[in-house]
Structures are given as structure tokens and as C-alpha cells.
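Please read them with the sequence and the coordinates open beside you.

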Amino acid sequence: MDLLIKGGKVVTAKSTFKADVAVKNGKIAAIGTNLKPDKGTEVVDAKGKLVLPGALDGHTHMYMPFGGTISTDDYYDGTVAAACGGTTTIFNFETQAPGQPMDKLVKEKLAIAEEQGPVIDYSLHVGVGDVTNEKMLKSMDKVVDMGITSFKVFMVYDFGVDDGQFYATLCHAKEIGALVGVHAENKNVNDFLVKKYLSEGNISPWYHYMSKNEAVAGEADVRAINLAKMAGAALYIVHLDNAQGVEAVRQARAEGYPIFAETCPQYLEFTKEVYAKGRPEVKLRPQDFVCSPPMKGKESKDALWEGIKTGVVSTLATDHCPFLKKEKDWGIKTKTGKKGNFTTIPNGCAGVENMYPYILSAANKGKITFNKAVEIAATNPAKLFGVDYCKGAIEVGKDADIVIYDPKKNVVINNKKNQHGSIDHTVWEGIECKGYPCAVYSHGNLVFDGKDFVGKKGAGKFLKQKKVNHKGPELV
């Protein structure tokens, strides 16, 4: 064996037990008590610590063009941040341009990713931007053959799909063994409200929330679920953020439909009030919190936590898409010097380094169990996206993507002192995590030593997804 982690408590989605974990050639080779090291084996003492699978962030936007700029973290910076937070696999969204076959998009983006040098394993989701003809729709087939079986449609934005295109995508995905995710917001109502507020002179970040409020999101969640029912297809609702949507998912799953929902830490921690006043105690302005969809009210926040506890919410991800403060200020003044408004603020916040520590801290405080944290941040995303053959659990034969977690190590998030991405601020500034990763391994190699990134550029590899046939609410 190459590495032996001794004396820790192994946490899976279903159980917690004391055991040693042996690693050889980047894989978990043995799990048991009183395992003996071979000559030359590196032995790590994990007494008093938890031994967890690395998290999978199923929703990132590294190096993504948006609103006249590009998200600040690329495949290198973003994966360094991920690794230092205990996330050892990311799934990055890349969106199809009009007239661009999806397989051509994938080839181009994989080349960019490889050139930038991700430090942990990664895969892609394809954002569907053009299914206006049979050729574009059928290009999904080639993407599945390339090892990417997850797609995403947008019900909002100029590049979003209409209901007919959404339905066609769902039907075709079902035929080829793919999973469709959806950004669910009512585009027509959103557009109407944006126009209304701007005409009234209401330009502040508060109106970003108002134009994308609970009803705008909830109606679209219900409609998306109904379209999936009509198509007889599985559906994955990304960044679920509202109580109406939680209830719609609960009801559909209770009826036996394969409807799955993801939420993000920002919807579990913050509420709509940040768009009125920011967090002045840590010098964060309202515009710093602008992301889509925006945070909602306390009722929705509480419903999401309940959804996690009851299994209605299947996964946790980040929607990581950070921008610099000067770019967030385009809501006040544009690059040309003209007065800006809430529509000119690049949408997105950082989170890839904070997701696992945040949800593990919640477990450490007793809000949920550690098993539930592992389930939604590691095991379930691996199953949903067809990579559980090698990721998502501490099991013999799986990749040795391992987090050693110290429940007594408390960390207050400080962007300058302990964060590792390329962003100049974080909405998580000043949030205290009770417990924190003290070591993170990718394929058995140390990438985070509890303080610094110690991995290698380019060590991350493209991870192929297998087809997964989600027929009911239980994950296969």
C-alpha cells in the first residue's frame, strides 16, 4: 500500500464506523481495523478525525463568459479552490451557441480545460442553447458517446428554450440515457418585471430579487416538472431556491416520478435582505450577492433545509461563478461610464471552496447528520451523474478522493487569509465553520494540507459519465 489512514471514523451516506483506510495506486485498497502498513507506506494518524469521501460539485461555471466579462476562476484557479475545501470533482457547465453542434462545443471546451490545468478530476454538463432542428438535437447523441450524459436547459435568458424545445430535449434525453437539468424561472414574467422596474427608475440590486422573486421561480419549477411528467423523463432541477418548488418536487417524488433537486449553500445561509443592505459588517455590498436565481425569503430557506432532511432535495452544489468587485460595480456604472442598473451586474458568486466545509459545519452543529452531508455532497451527485463507479464514497475500488475532517478545527472564512481562488471577495466572508478539512487527497495524493494547496497543476483528468436510467425517485 502507498498510504494508510489510521484510527479515524469513516462516514458514508448510510453509516459511521471506526476503521483504517488503505490506498494503493490511487484507489482505496482496503478498509478495516488494525491494518498494517507495508514497508515505505505513508501512515497518517486520523484519530479524533472523520474520514469522508471528497465532495462532488455538480454545478460550476469556470471560465464562463457572462455580461461582457468572464468568470474569474478558470479550470486551474477554480479547482485549486475546490480542492482546498474538500471538493475533489467538479462538473462544469459549457453552453452551446446557436448553430453549434454540441459535440463540437465539448471538443473545444475539453481542450481549453486541459490547457488550463485542472488539479482535480472534472466532467462537463452541456448547456442546451439550440435545439431548433433535428441536427442540433441529435448532436446530444455524440456527446453521450463522448462520456457526457448530463444536459441543462434554461427557461430564462435570450438563449433559453421554449416549452416545446424543452419537451423535445426531455424526450430525446430519455431515448439516449441522458439526464436533463433545468434552470427554472418564468422568462416572460421576469422580462415584464425588469422592464417595469427600470421604467419606474428602480435600478438597485433589490430589484434583481424582485424581478426573479419566489413566484417567478416557483411557477417555472411546477411547469418544468409537468413537462418531465408529460415526456416520461427524469428531471434535475438545479439551484432550487423557493418553497413552492420544494413542495412541487416533494409531491412529484411522492407520486413516483424521477424528479431530483439540487440546492446551493447560499440559499441555505442568506435571504433576500442581502439585496437591500448587503452585509456591511464585512464590507459586502448588495451587488456582491447578485446571482441567478437570487436568494429568497426565510420561508424558502426553511423549506430547503427541511427538504434536505426529508430527502426531497437530493444534492448540494454551488453554481460557482465569481466576478471581481469592480465588475459587480457595473450595476452602479458600466464600463463606458454610463449609469448602470441591476441588469448590468454580472450574475454569480463564489462558493466552490465553501460548500463542503459549510454543510459539514451544519452537521457538526447538529442541524443535519454527517451521513446526510456526505449523501447530498458526494454520494448522490456521483449516482445522478453516472460516476459512482469511481467516486462518491469511501469504498474499496473507488478513487482515493478522501477528506480528513477535524471537527474541532474552527475556521472563520477570510478571503485574504484562507481562501485559494482568484476572486477578490467572497459572500462567505466572516462565516464561521465549526470543523474543517485538515487534509484532502485526490487519487491518494495530498492536495491540501490544512492550510495550503500542495497538489499539481494538470493532475485532474476528464471523468466520463455512464448512462443512468432514473426510472423513479430513488437513485440507482
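1. Asp-401 forms a salt bridge with Lys-391, and the closest N and O atoms of the pair are 2.6 Å apart; a salt bridge here is a side-chain nitrogen of Lys or Arg within 4 Å of a carboxyl oxygen of Asp or Glu. Both residues lie in the loop between α14 and β16, so this pair ties together parts that are 10 residues apart in sequence. Asp-401 and Lys-391 are both buried, where buried means under 20% relative accessible area, exposed over 50%, and partly exposed in between, with a 1.4 Å probe and protein chains only.

2. This is a predicted model, in which local features need pLDDT of at least 70 and side-chain atom pairs count only at pLDDT 80 or more, while totals for chains, interfaces and linings use all residues. Residues are numbered from 1 along each chain as its sequence is written, and side-chain values use heavy atoms, with hydrogens and water left out.

3. Lys-391 also forms a salt bridge with Asp-121, for which the closest N and O atoms are 2.7 Å apart. Because Asp-121 lies in strand β10 (residues 121–127) and Lys-391 in the loop between α14 (370–384) and β16 (402–406), this pair ties together parts that are 270 residues apart in sequence. Helices (H or I, at least four residues) and strands (E, at least two) are DSSP runs, numbered from the N terminus. Asp-121, like Lys-391, is buried.

4. A further salt bridge joins Lys-398 to Glu-395, with the closest N and O atoms 3.6 Å apart. Lys-398 counts as buried at 9% relative accessibility, whereas Glu-395, at 41%, counts as partly exposed. Through shared partners, salt bridges join Lys-27, Asp-121, Lys-391, Asp-399 and Asp-401 into one network. The count of salt bridges comes to 21.

5. Helix α5 (residues 187–199) has 13 residues and reaches 18 Å from its first C-alpha to its last, close to the expected 18 Å, the expected span being 1.5 Å times one less than the number of residues. Which residues of α5 are buried? They include Asn-190, Leu-193, Val-194 and Tyr-197, and the buried residues fall within an arc of 105 degrees when seen down the axis, so they line one face of the helix; the arc is that of the directions from the helix axis to the C-beta atoms. On the other side of α5, Asn-188, Phe-192, Lys-195 and Ser-199 are exposed.

6. The buried residues of α5 pack against α6 (206–211) and α7 (214–231). After α5 comes Gly-201, whose phi is positive, near 85 degrees.

7. The largest nonpolar core has 121 residues, and those with the most contacts inside it are Phe-166, Leu-235, Tyr-356 and Ile-359; such a core is a set of buried Ala, Val, Leu, Ile, Met, Phe, Trp, Tyr and Cys residues joined through side-chain atoms within 4.5 Å. Helix α14 gives the most to this core, with eight residues. Not counting residues up to four places away in sequence, Tyr-356 touches several residues, among them Leu-52, Pro-53, Ala-373, Ala-377 and Val-403, contact meaning heavy atoms within 4.5 Å. A second, separate core of 16 residues includes Ile-5, Val-21, Val-44 and Tyr-441.
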